[in-house]
Amino acid sequence: ARLSIGVIVGSARKGSINQKLAEALMKLGGPEVDFKQLKIEDLPLFNQDLEEPVPAPVERFRKEIRASDGLLFITPEYNRSTTPLLLNAISWGSRPYAQSSFAGKPGAIAGTSGGIIRTAAAQAHLRDILGVVGVHLTIQPEAYVHWTDELVAEDGSIPSEQQRELLKRKVDSVVAWVGQVSGSAAKKAA
Ligand code: FNR
């Protein structure tokens with residue numbers, strides 16, 4: 001069966017460079033993987049008072065996480081950390097207490113900015129948080145992507161062969177990791 005990897009992007013703005021990066025990464029996947037972007041911008045702002053009854057978009061999001069074999073997080077950098085949009089989604093997915101939808105999911109992180117450290121600080125924070133909610137991350141090769149408007153073409157392709165190869169290695173590593181973890185889970189179940 002094809003692997004399903006949910007892609008979660010920490011920016012919902014029109015023209016988001018992280019959205020463009022996400023689309024380019026999804027295109028680099030081979031026939032063994034289905035990437036599906038998970039919508040997070042309709043999740044309400046997290047508040048414990050809203051947890052019961054579960055808001056419909058939250059229920060959908062949790063189901064999509066559970067149905068994914070793995071997850072790929074694409075984060076912008078805000079003030080050397082990740083974004084409130086992404087943190088909000090993680091808060092919802094991590095609840096109820098001890099029932100995190102993320103538990104045991106293999107995953108990876110990438111991100112882009114025009115800034116000098118190219119989301120390295122944002123990704124470091126995000127790694128800590130995702131570890132806490134139960135995502136099993138593969139880190140290498142790291143993908144701190146320096147954004148330029150030439151990086152991704154209109155159609156989502158990556159014109160530079162060097163950049164394309166680097167990003168393809170990232171995609172291949174997350175696909176291999178998700179395949180490895182979900183393969184051993186399937187073996188245990190059998
Ligand atoms: C930023 N930006 C930014 N960039 C960076 O490299 N390091 C940082 O710490 C920050 N901090 C920051 C804070 C806030 C509140 C905003 C709005 C922006 C710039 C950021 O990388 C840029 O706006 C990107 O375009 C955001 O990603 P998307 O939305 O284009 O995907």
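Two strands pair if DSSP finds at least two bridges between them. The exercises below apply this to a predicted model.

**Exercise 1.** In which sense do strand 1 and strand 2 pair, and over how many bridges? Which residue of strand 2 does Leu-3 stand opposite?

Solution. 
- Locate the two strands: strand 1 covers residues 3–9, and strand 2 covers residues 33–37.
- Their pairing is parallel and runs over five bridges.
- Within strand 2, Val-33 is the residue opposite Leu-3.

**Exercise 2.** What unit do strand 1, helix 1 and strand 2 make?

Solution. 
- Find helix 1 at residues 17–27.
- Together with strand 1 and strand 2, helix 1 makes a β-α-β unit, and this unit is right-handed.

**Exercise 3.** At what angle do helix 2 and helix 3 pack, and which residues meet there?

Solution. 
- Helix 2 spans residues 56–67 and helix 3 spans residues 84–94.
- The angle between them is about 80°, and their axes lie 10 Å apart.
- Angles of 65 to 115 degrees count as roughly perpendicular, so helix 2 and helix 3 are roughly perpendicular to each other.
- From helix 2, the residues Val-58, Phe-61, Arg-62 and Ile-65 take part, meeting Ala-89, Trp-92 and Gly-93 of helix 3.
- By class, this contact of helix 2 with helix 3 has five nonpolar residues, one polar and one charged.

**Exercise 4.** Which residues are around the ligand, and how do they divide by class?

Solution. 
- List the residues: Ser-11, Arg-13, Ser-16, Ile-17, Asn-18, Pro-76, Glu-77, Tyr-78, Asn-79, Arg-80, Ser-113 and Gly-115.
- Sort them by class: the shell around the ligand has three nonpolar, six polar and three charged residues.
- Asn-79, the residue with positive phi, is among those around the ligand.

Terms used:
Residues are numbered from 1 along each chain as its sequence is written. This is a predicted model: local features need pLDDT of at least 70, side-chain atom pairs count only at pLDDT 80 or more; totals for chains, interfaces and linings use all residues. A residue is near a molecule or strand if its C-beta atom, placed from the backbone, lies within 6 Å of it. Ala, Val, Leu, Ile, Met, Phe, Trp, Tyr, Cys and Pro count as nonpolar, Asp, Glu, Lys and Arg as charged, and the others, Gly among them, as polar. Axes are lines fitted to C-alpha atoms, for helices over the stretch in contact, and angles run from 0 to 180 degrees between N-to-C directions. Helices (H or I, at least four residues) and strands (E, at least two) are DSSP runs, numbered from the N terminus. Angles under 35 degrees count as roughly parallel, over 145 as roughly antiparallel, 65 to 115 as roughly perpendicular and the rest as oblique. Two residues are in contact if their C-beta atoms, placed from the backbone, lie within 7 Å. A crossover is right-handed if, with the strands pointing away from the viewer, the path from the first strand over the helix to the second runs clockwise.
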